[in-house]
Structure formats: C-alpha cells, structure tokens
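Have a look at the model first, then read on.

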Amino acid sequence: MGLAIYIQRRDVINNDQALIAQLFAEAGQLGHRHETKKVIEYLESNPTLPELDSKGGSDRAWFTSDDGNLIAMGNADLATLDAANAIMRDQTAPNGDKQNIQAKYILCPTQLEYTFRKAVKDGDLPLEVVASAHIAFDRYYLLADPARQPALGVQFLGRPTDRRIKSWSLRSILRMPAEYDGAGYVLNVDMSPVAMSRKGIVRVNIG
C-alpha cells in the first residue's frame with residue numbers, strides 16, 4: 001500500500017504543527033487498518049500451507065480437524081469455548097508431548113463481540129475478546145499468547161534499515177502543477193501476513 005502526503009510551504013511557515021501531526025497520525029491509522037485487514041483476510045482464507053510443524057503428508061489447509069485446530073461445527077457458547085480450549089491444550093509438540101497451551105484471545109466477528117464479552121465476564125474466563133469487522137459472522141478463533149506459541153505473524157519487506165517514509169517528487173505522482181510549493185512524502189506499507197504454526201490457534205465454524 002502506498003499513500004502520498006503533501007504539505008504546503010504555507011503550513012510550515014505558519015508552524016501549523018497540529019495539522020502536520022494530524023496528517024501523519026491519520027496516515028499511521030490508515031496503515032494500521034490496512035495491515036489488520038490483510039492479516040484477517042489471510043486468516044479467513046484458510047490458505048494451503050507447507051508442513052510447518054504438523055504431521056507428515058502433503059501440504060494442506062491451515063485449519064483441519066486432523067491437525068487439532070478446527071471445530072467444524074460449534075456454537076458461540078461456553079461449551080464450544082471449553083471444547084476449543086481443550087483442543088488447543090491437546091496440541092502436540094514435535095516429540096509428541098501435549099503442549100498444554102492456554103488460550104488467551106477470542107478473535108470474533110463484530111456480531112458476536114458482546115456475546116463473548118458477556119460469556120467472559122459471567123464465567124470469569126482468562127480470555128480477552130478482540131472483534132473485527134473482517135471476520136465472517138459464522139466463525140471465530142481462539143489464540144494463545146504469541147509469546148508462548150505464535151501462530152500468525154506479519155513480515156515486512158525490504159531491509160530493516162529502509163525508511164518507511166520516503167521523500168518523493170509529488171509532481172510525478174500526483175501530477176501537481178510545476179508552481180506547486182511544498183514538500184511531499186510517500187508512506188509505504190510493505191507487509192505480508194504469514195502463518196507461523198498450526199499450534200496455538202483454533203478455528204471454530206458455527207453451524
């Protein structure tokens with residue numbers, strides 16, 4: 001994703017710090033929304049993955065019942081949460097030992113946000129509810145603490161020393177008139193979501 005920002009000399013001379021700060025703050029929010037949307041869309045697509053840390057066999061979808069990270073038919077209730085948490089705890093390490101991973105987050109569609117917040121509060125559950133408008137209404141996810149078992153990540157393209165905001169010629173990008181007097185920047189969000197493991201995550205389809 002690329003975003004062009006231009007600031008007129010007048011704003012610099014007038015020392016309009018609030019306006020300039022707002023421009024870059026809004027650009028940051030736009031980058032955050034873009035990153036979140038791409039990550040959730042990747043998660044929702046249930047992509048075909050290489051072996052990662054799973055059992056032997058050919059490449060297959062990220063979420064499968066055989067890999068212990070999918071409940072094909074469940075509900076948005078405590079019983080299904082209990083079952084999903086049990087499945088996550090039963091996920092095995094490469095040596096076959098059960099990892100006993102505790103779920104930490106419920107990632108759900110906005111239509112189920114208050115349903116899960118009530119369930120967490122009423123049951124005094126050690127879970128945090130995170131809602132997203134990009135998740136289909138008929139599924140949700142349990143995720144472990146990424147510090148314990150990362151399942152989903154984001155990779156940024158380019159060298160770590162690359163500047164994220166690069167000065168550019170606005171006249172060539174925005175077809176600005178030759179007499180335009182100001183400074184221009186291009187904000188690049190060069191990222192890609194990546195599956196890190198089939199462990200530490202459980203997908204629940206509501207059926």
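## The overall picture

A quick word on terms: helices here are DSSP runs of H or I with at least four residues, strands are runs of E with at least two, and both are numbered from the N terminus. Keep in mind that this is a predicted model. On that count, the protein has five helices and 12 strands.

Of the 207 residues in the protein, 34% are buried. The protein exposes about 12,100 Å², and carbon and sulfur atoms supply 53% of that area. Now for contacts with a separation of 6 or more: residues 24 or more positions apart account for 67% of them.

## The five-stranded sheet

Let's start with an open sheet of five strands, ordered β4-β12-β7-β5-β6, with mixed pairing.

## Strand β5 and its partners

Strand β5 covers residues 103–109. Five of its seven residues are buried, so β5 is largely enclosed by the rest of the structure. With β6 it pairs in the parallel sense, over five bridges. If you want to find that pairing on screen, look for Cys108 opposite Ala131 in β6, and for Leu107 opposite Val130, also in β6.

How does the chain get from β5 to β6? It crosses through helix α4 (residues 113–123), and this β-α-β crossover is right-handed. Strand β5 is also joined to strand β7 (residues 139–144), this time antiparallel and by four bridges. There, Tyr105 stands opposite Leu143 in β7.

## The β8 and β11 pair

Elsewhere, strand β8 (residues 152–156) runs antiparallel to β11, and five bridges join the two. One spot to check is Gln155, whose bridge partner in β11 is Ser192.

Which residues of β11 (residues 191–195) lie on its covered face, and which on its uncovered one? Met191, Pro193 and Ala195 make up the covered face, while Ser192 and Val194 make up the uncovered one. That puts Ser192, the bridge partner of Gln155, on the uncovered face of β11.

## Helix α2

Helix α2 takes in residues 17–44, which is 28 residues. From its first C-alpha to its last it reaches 40 Å, close to the 40 Å expected at 1.5 Å a residue. Its buried residues are Ala27, Gly31, His34, Val39, Ile40, Leu43 and Glu44. After α2 comes Asn46, with a positive phi near 45°.

## Phe63, a buried loop residue

Phe63 sits in the loop between β3 (60–61) and β4. Is Phe63 buried or exposed? The cut-off for buried is under 20% relative accessible area, and Phe63 counts as buried because its relative accessibility is 3%.

What does Phe63 touch, leaving aside its neighbours within four places in sequence? It is in contact with Leu43, Asn46, Asn69, Leu70, Tyr141, Ile201 and Arg203. Two of these names have come up already: Leu43 is one of the buried residues of α2, and Asn46 is the residue with the positive phi that follows this helix. As for Leu49, it is 14 residues from Phe63 in sequence and 9.6 Å away in space, C-alpha to C-alpha.

Key:
Residues are numbered from 1 along each chain as its sequence is written. This is a predicted model: local features need pLDDT of at least 70, side-chain atom pairs count only at pLDDT 80 or more; totals for chains, interfaces and linings use all residues. Side-chain values use heavy atoms; hydrogens and water are left out. Buried means under 20% relative accessible area, exposed over 50%, partly exposed in between (1.4 Å probe, protein chains only). Contact means heavy atoms within 4.5 Å. Accessible areas come from the Shrake-Rupley method with a 1.4 Å probe; for residues, only the protein chains shown count as cover. Two strands pair if DSSP finds at least two bridges between them. The expected span of a helix is 1.5 Å times one less than its number of residues. A crossover is right-handed if, with the strands pointing away from the viewer, the path from the first strand over the helix to the second runs clockwise.
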